Amino acid sequence: MQLKDASLLQQQLYIDGAWQAASDGEVFAVTNPANDQVLVTVASATKADTARAIEVAEAALPAWRDLTAKARSNLLRNWYNLILENIDDLATILSAEQGKPLAEAKGEILYGASYIEWFAEEAKRVYGDTIPGPAADKRLVVIKQPIGVVAAITPWNFPNAMITRKVGPALAAGCTVVVKPATETPLSALALAVLAEKAGIPKGVINIVPGKRSGDIGGELTANPIVKKLSFTGSTRIGKLLMAQCADTIKKLSLELGGNAPFIVFDDADLDAAVQGAMIAKFRNTGQTCVCANRILVQSGVYDAFAEKLAAAVAAMQVGPALEGAFQQGPLINQSSLNKVKEHVEDALGKGAKVATGGKAHARGGLFYEPTVLTGVTNDMVVAKDETFGPVAPLFKFDTEADAIRLANDTEFGLAAYFYSRDIGRAWRVAEKLECGMVGINEGLISNEAVPFGGIKESGLGREGSKYGIEEYLEIKYMCFGGI
Ligand SMILES: NC(=O)C1=CN([C@@H]2O[C@H](COP(=O)(O)OP(=O)(O)OC[C@H]3O[C@@H](n4cnc5c(N)ncnc54)[C@H](OP(=O)(O)O)[C@@H]3O)[C@@H](O)[C@H]2O)C=CC1
Ligand SMILES: O=C(O)CCCC(=O)O
């Protein structure tokens, strides 16, 4: 890996502003999913290391909380500027450990940085309220205060942006943090810490504890009473486990979990726009995002035409290792992800679906899979219920608007949904009836720092980004002044 600034590639825990080995000396290997080669080994935090990081974050809290909002904002702005100055190195590190194409990795660095910039601005806008009350001799006031020490557990699919989307608002609010990045992708997290330190963010405010013993680290983050808030992005299974573990100490929770997003194409859609939207909504990050279209529902009148256009666009995508060319699709993150993709496709084909393009492991071997379009997909197939998290577009057929809504909502998940229609009445009706936190209407890319990202049902709790995102890191205090 060629970097302009080699100091961005760190291999140790970052606690109290110091780089250190794990207390028992354990390390784990970080590999490049494009070729299975070990990039580096990284210190693997223990439960004791995690407990120490939490204590350090607690010690750093009073001074950080007591800075003016403007001072915290300026430090966040410094961090944002440094991230942009180092975009090439950060993207290289990200692509190397995660596999996404370099252009997409640069896009993620900009996207991740946008949360730091946004919350640098929001830090100064944490307003309270005065309430006209029922008694003449009382004055009722509401203020907002930082919740305290925050734990963040983040996934491998966005190794940079899922950290900045949590740490940005936490720091802006006046909280300190302990971050546990995914085992597959700790290097982007550690590089962010290098830049945070350079930006002047005081020691102890951000602590990073990568480690392969995620149960031990997560156990400490959820049981330790010093931690007042957990923000997690990952699978619904682990989200439920962490929620249960947080019950004993009644921590505030943000959970951004799995999805099963429907992408609906109505007969009156602009088909070329719908194909373009589906390419983004389905194949961004090689199909590995929680907002990826998982089920493409196409009305019968345009089914064949849409399938043909989508298959042609998908077949034209280039697949390959991020650091070796300008590809549009990378490898899956690991063997179990690849196995899941294969199982979903085999199950669908076994039950009568047909391959329009792709449908098998890519000739490059390793963790590469051909971008795939399946037709004739029905609700009894595994792809209808389970998040594939890979480059497979299954096309379901429906007849009426009511059928589309029923099918779309027939899932325990409720994160994102998309639909294409040129009928304004239908656009309002369908958008209101879809059971989810976010809807793309004639749009396949809905994420940005200014909007509330999050889901309902088993897709999670809380919102990230936007003016709402900082509220997750604040407590409300009501004060009653009597005897006026
Ligand atoms: N909502 C989303 O964006 C994401 C959804 N997913 C979905 O989940 C599936 C599985 O992906 P996977 O990576 O296994 O997701 P996980 O939920 O297992 O991992 C997400 C994060 O949680 C950590 N973690 C895992 N187990 C524990 C634990 N017991 N206590 C504390 N932290 C823990 C992981 O650490 P470690 O890496 O060390 O295991 C990682 O940092 C995907 O195929 C996809 O369907 C996955 C990632 C993101
Ligand atoms: O959980 C994910 O998949 C990451 C969020 C994707 C996005 O921000 O668009």
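The legends below describe close-up views of a predicted model. Local features are given at pLDDT of at least 70 and side-chain atom pairs at pLDDT 80 or more, while totals for chains, interfaces and linings use all residues. Residues are numbered from 1 along each chain as its sequence is written, and chains are lettered from A and ligands numbered from 1 in the order in which they are written.

**View 1. Helix 1 spans residues 47-66.** Helices (H or I, at least four residues) and strands (E, at least two) are DSSP runs, numbered from the N terminus. The 20 residues of helix 1 reach 29 Å from first to last C-alpha, close to the expected 28 Å; the expected span is 1.5 Å times one less than the number of residues. At Ala60, shortly before Pro62, helix 1 has a kink of about 40 degrees, the bend being the angle between axes fitted to the seven residues ending there and the seven starting there. Buried residues of helix 1 include Ile54, Val56, Leu61 and Trp64. A residue is buried if 20 or more other C-beta atoms, placed from the backbone, lie within 10 Å of its own, exposed if 12 or fewer, and partly exposed in between. Among the elements packed against the buried residues of helix 1 are strand 7 (149-153) and helix 7 (214-223); contact requires C-beta atoms, placed from the backbone, within 7 Å.

**View 2. Ser73 lies in helix 2 (residues 69-85).** Ser73 is buried because 20 other C-beta atoms lie within 10 Å. Beyond its neighbours within four places in sequence, Ser73 contacts Ala120, Ala123 and Lys124. The C-alpha atoms of Ser73 and Ala172 are 6.6 Å apart, although 99 residues separate the two along the chain.

View 3. Most residues other than glycine have a negative phi. With 17 other C-beta atoms within 10 Å, Asp16 is partly exposed. Asp36 is exposed, with 12 other C-beta atoms within 10 Å.

Notes:
Two residues are in contact if their C-beta atoms, placed from the backbone, lie within 7 Å.
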